[in-house]
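Here are my notes on this one, in numbered points. Have a look at the model first, then read along.

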Amino acid sequence: MLIENLGGNLFGTIPLGDIVLYLNPLHIFLFVTMLLFTALIAISRTETQVESMFGSLDENKVSVGIKEFKHRRFLAIICGIATAGAMITGDLFNFTLFMALIGIVNIGIVSAVKQVDVLNSAYQYGLIAMMCGLPLFGGAAMILAATGTLSLFELATIPASPMMIFGALVMLIGVCGESGIAPFFASKAEMFRTPGSPFILIIHLSSLFIIVRFVEILLTIL
């Protein structure tokens, strides 16, 4: 499918050898929106989690300490920057690298939590993310072997072959696992119960933006 049919008219290209970065309204919108969310999260303070006590009217308040606050804010900013990079890149391999980085920092954002359920969910998500790293990079390698390039600008002009289709489907499995969406969402659900909003929000935002961008990549390749 033509790039112009997906993201709008091209604003320009940035040739970097075989890798040709291209800018269109869709990419710029996703990139700027993600940076704005990241900036808002960076200047925000964490909220105190209030839990109702079972069998009584008492409440249990869970706050985030200053050390943990700095740890989460830093990783949330890295996650936002990595997601913004995935929105603007025109290289399929760079997209997989940003995707892998997002999976790593998502675990780090909740790594300091002293809640068994949250840490257990993060551990399970980490296992899924590590296992899905193989199809993520393997799918990109298959596309490279079939076409000789990883530039999305160039891939858009190459007719889809069975190897490209298979590689894209394998890569889809990797993206689903790394971002923690269906059918892997159960391994990530309990992570959202941790205190520390709005930093925990970046985990959900990164998954949403990554899926939107990868759907555009699939349509571009196939």
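Which residues form a nonpolar patch on the surface?

1. Tyr 123, Leu 127, Met 130 and Met 131 do, with about 470 Å² of accessible area together. A patch takes residues with over 30% relative accessible area and no salt bridge, and joins nonpolar side chains (Val, Leu, Ile, Met, Phe, Trp, Tyr) within 5 Å. A salt bridge would be a side-chain nitrogen of Lys or Arg within 4 Å of a carboxyl oxygen of Asp or Glu. Areas come from the Shrake-Rupley method with a 1.4 Å probe.

2. A word on the source: this is a predicted model, where local features need pLDDT of at least 70 and side-chain atom pairs count only at pLDDT 80 or more. Residues are numbered from 1 along each chain, and side-chain values use heavy atoms.

3. Tyr 123 sits in helix α5 (helices are DSSP runs of H or I, at least four residues, numbered from the N terminus). Tyr 123 is exposed at 53% relative accessible area (exposed is over 50%, buried under 20%, partly exposed in between).

4. Now the rings: they pair if their centres lie within 6.5 Å, with planes under 30 degrees apart counted as stacked, over 60 as edge-to-face and the rest as tilted. That gives four aromatic pairs. Phe 37 and Phe 209 have centres 6.5 Å apart and planes at 80°, so they are edge-to-face. Phe 37 is in helix α2 and Phe 209 in helix α8, 172 residues apart. Phe 37 is partly exposed at 32%, while Phe 209 is buried at 11%.

5. Phe 93 and Phe 137 are another edge-to-face pair, because their planes are at 65°, with centres 6.0 Å apart. This pair links helix α4 to helix α5, 44 residues apart. Phe 93 is partly exposed at 35%, and Phe 137 is partly exposed at 29%.

How values were computed. Helix = DSSP H or I, 4+ residues; strand = E, 2+ residues; numbered from the N terminus. Buried < 20%, exposed > 50% of the residue type's maximum accessible area, 1.4 Å probe, protein only. Patch = residues over 30% accessible without salt bridge, like charges linked within 9 Å, V, L, I, M, F, W, Y side chains within 5 Å.
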